[in-house]
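User: I have a chain here that I'd like to go through with you, a few residues at a time. Could you take a look with me?
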Amino acid sequence: MIKTCKHCEMDFNLNSRHKKLVGGYINECPDCVEDRGGDQSPPKYLGVTAGNGKMCDVTILKFDDHKSRAAFKKAWRNNSGQNLGKECQLGEHISSTAGLKFSIVSENRGNDNHKGKS
Ligand SMILES: [Zn+2]
């Protein structure tokens, strides 16, 4: 996704490796984020969804740092099988999320009924 930086008005790719690495606000190019002393954005939130039932669980987690967030995301993707294409099954092994610094901000548990009835 191409965004225009609010500081230098240059277009940048929001999904680029560099931007993801550097972080910062959605409307700041990675160069400006770095120029300003790194990520000034609010806490690192990560929303994750589960694939159970028709209504997904949505869990918003807050991390103390990018490293924990990235590690959790990786583990979640592995554990939930998100990156395994069409195969609806768990990853080959379950990654541990132990020791990561995060707290659950909000959780919206869907119902697990496949027919969508309560
Ligand atoms: Zn910029």
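User: To start, which helix does Leu 21 lie in?

Analyst: Bearing in mind that this is a predicted model, Leu 21 lies in helix H1, which covers residues 17-22.

User: And is Leu 21 buried or exposed?

Analyst: Leu 21 counts as exposed, because it has 12 C-beta neighbours inside 10 Å and the cut-off for exposed is 12 or fewer.

User: OK, stepping back, how many helices and strands does the chain have?

Analyst: The chain has three helices and five strands, and from the N terminus on these elements run β-β-α-α-β-β-α-β.

User: What share of the chain is buried?

Analyst: Buried residues make up 8% of the 118 residues in the chain. As for the contacts with a separation of 6 or more, 39% of them are accounted for by residues 24 or more positions apart.

User: Now the loop between H1 and H2: where do Tyr 25 and Glu 28 sit?

Analyst: Tyr 25 has its place in the loop between H1 and helix H2 (30-35), and Glu 28 is also placed in the loop between H1 and H2.

User: Why is Glu 28 classed as buried?

Analyst: Glu 28 is buried because 24 other C-beta atoms lie within 10 Å, where the cut-off is 20 or more. Tyr 25, with 16 other C-beta atoms within 10 Å, is partly exposed.

User: Which residues is Glu 28 in contact with, leaving aside neighbours within four places in sequence?

Analyst: With those neighbours left aside, Glu 28 is in contact with Cys 5, Lys 6, His 7 and Val 33. Glu 28 and Leu 14, which are 14 residues apart in sequence, are 8.9 Å apart from C-alpha to C-alpha.

User: Lys 6 again, then; how far is Tyr 25 from Lys 6 in space?

Analyst: Tyr 25 and Lys 6 are 9.6 Å apart in space, C-alpha to C-alpha, with a sequence separation of 19 residues.

User: Last one: what is the phi of Glu 9?

Analyst: Glu 9 has a positive phi of about 60°, although it is not a glycine. Glu 9 lies in the loop between strand E1 (2-4) and strand E2 (11-13), and Glu 9 is exposed, with 8 other C-beta atoms within 10 Å.

Methods. Residues are numbered from 1 along each chain as its sequence is written. This is a predicted model: local features need pLDDT of at least 70, side-chain atom pairs count only at pLDDT 80 or more; totals for chains, interfaces and linings use all residues. Helices (H or I, at least four residues) and strands (E, at least two) are DSSP runs, numbered from the N terminus. Two residues are in contact if their C-beta atoms, placed from the backbone, lie within 7 Å.
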